[in-house]
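Trainee: I am new to this one. Please walk me through its contacts.

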There are 2 protein chains.
Amino acid sequence: MVLNQAELKKHLKEVDLFTFLTEDQFNQLVAAAAQKKLAKNEVLFLEGDPGEAMFIILEGAVQVYTLSPEGKEKILAILGQGDLLGELSLLDGEPRSATAQALEPTRLAVIDRAQFERFIRENSEVALILLRDLAHRLRQTDAHLQDLVFKDIQSRLAKVLLDLAEDYGENTSQGVKIKLKLTHQQLANYVGSTRETVTRTLLAFQDAGYVGFDQRFLVITDPETLQQIADGEPK
Amino acid sequence: MVLNQAELKKHLKEVDLFTFLTEDQFNQLVAAAAQKKLAKNEVLFLEGDPGEAMFIILEGAVQVYTLSPEGKEKILAILGQGDLLGELSLLDGEPRSATAQALEPTRLAVIDRAQFERFIRENSEVALILLRDLAHRLRQTDAHLQDLVFKDIQSRLAKVLLDLAEDYGENTSQGVKIKLKLTHQQLANYVGSTRETVTRTLLAFQDAGYVGFDQRFLVITDPETLQQIADGEPK
DNA sequence: TTTGCTCTATGTAGTATTTGACATACTCCC
DNA sequence: GGGAGTATGTCAAATACTACATAGAGCAAA
């Protein structure tokens, strides 16, 4: 199914970055955007590829990860509806520094380099909006780095679960249900640990009653306590 | 001693970011820059401060770090001559997300928000140059994150030493002498470990003949092997 | 300048934890 | 029924924590 212009526009509206644009600028970008669909697990681009386009996620979810020499993965980000993807290569001309792969069926708006550059040139304040966005992401990445150094697996896992609940959560009677299924391996790759440790920690959370399961979906039943754990208070 | 305009200009020329500017743009910025001197260990700004200026390091070195709730430090960057500092707050308006402190007597050029914004406004392509720079730093930070996940202390320490040699090194008959003195504790804070582990690893490097000391300055005697260790090949 | 005091940095060891590697079932879908 | 994903335990390795001893640097008074 192909999105019509109105639907595409509705989605683009959800991109934080683009809520700063005027209606005119907005329509201009909508008109320029092509579309692409990805099946679950389909790879959008590989680390090392030349980067000649950026994407806006209209629907679905994408993981961005790199591989170590030994083949271990580190997930750098899990992006969902409304998120931008792959813009760095358009900004600095470098090849992709990570691989992007769909976690579920996903639809994207595609903006190639020429369109992007024209848009920036014709709307000079967009560069400032992008600068603000990148500054924000740089701070986030530094924070992620601190977490990795200062916090134990419990904290990091709790934090990731809360983040996922934020982005992919749905309120139910038992708590917030995370509609995005990730294997323990993927969670481990995300928090920088091993599958076994994630299994152990998740079981501990379950025993303590902080999380539960509903048809194999993870449900956050005690977000307050999880938040405390994420912030570093033990137990 | 106060830098004269010619000297200030010479230093600014060394900032990668600003080598893209025209002579005119360049002079404009030089004229706008005030100066500041820091004694060793003097704090330039604290995490949480409002950020109303950015700095260019003319001489000396500055460490940028954050504190965990328990008071442990993580050094995010060690910046030297020609590096930019504190520009994120000018871009996104957020408070400082880390503390900056001089590692040795340091001189800075100070560019406040008004100067910065005027400069950007009057030189629209500067925003694109900054975008490129931030994109680059985002990739670097991601790479740092991967190191933290994938590599052991040996590798991380080897990498940091090579980086320091690159930025603060001086060729001698025995090898590259690192002119910046860091305590084991600081190195530990940088690579995300403990002082004891750094001491042990450094001694191992010394025993193996990869590094040595010259009047308490660290000397890299076998950069090739260190590079291999940094890249993950063991021993 | 020298002496000695103090503070900081470094070296070393032993112990405790955390985590990763491996092995083995189990279970739930296709 | 087969395969992917999951649960769980054991073991070993890496690293952090704790504690203490020594060395060196900086400083101040003689």
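The talk below covers the protein interface and then the DNA.

Mentor: This is a predicted model, where local features need pLDDT of at least 70, side-chain atom pairs count only at pLDDT 80 or more, and totals for chains, interfaces and linings use all residues. Residues are numbered from 1 along each chain as its sequence is written, chains are lettered from A and ligands numbered from 1 in the order in which they are written, and side-chain values use heavy atoms, with hydrogens and water left out.

Trainee: How many residues does the contact take from chain B?

Mentor: Contact means heavy atoms within 4.5 Å. Chain A gives 36 residues. From chain B the contact takes 36 residues.

Trainee: Which element gives the largest share of the side of chain B that touches chain A?

Mentor: Elements are DSSP runs, numbered from the N terminus: helices (H or I, at least four residues) and strands (E, at least two). The largest share is 19 residues. They come from helix 5 of chain B.

Trainee: Which side chain of chain B meets Arg139(A) in a salt bridge?

Mentor: A salt bridge is a side-chain nitrogen of Lys or Arg within 4 Å of a carboxyl oxygen of Asp or Glu. The count between chain B and chain A is two. In one of them, at 2.8 Å from N to O, Arg139(A) meets Asp92(B).

Trainee: Which element supplies the largest share of the surface near DNA strand C?

Mentor: The largest share, four residues, comes from helix 8 of chain B.
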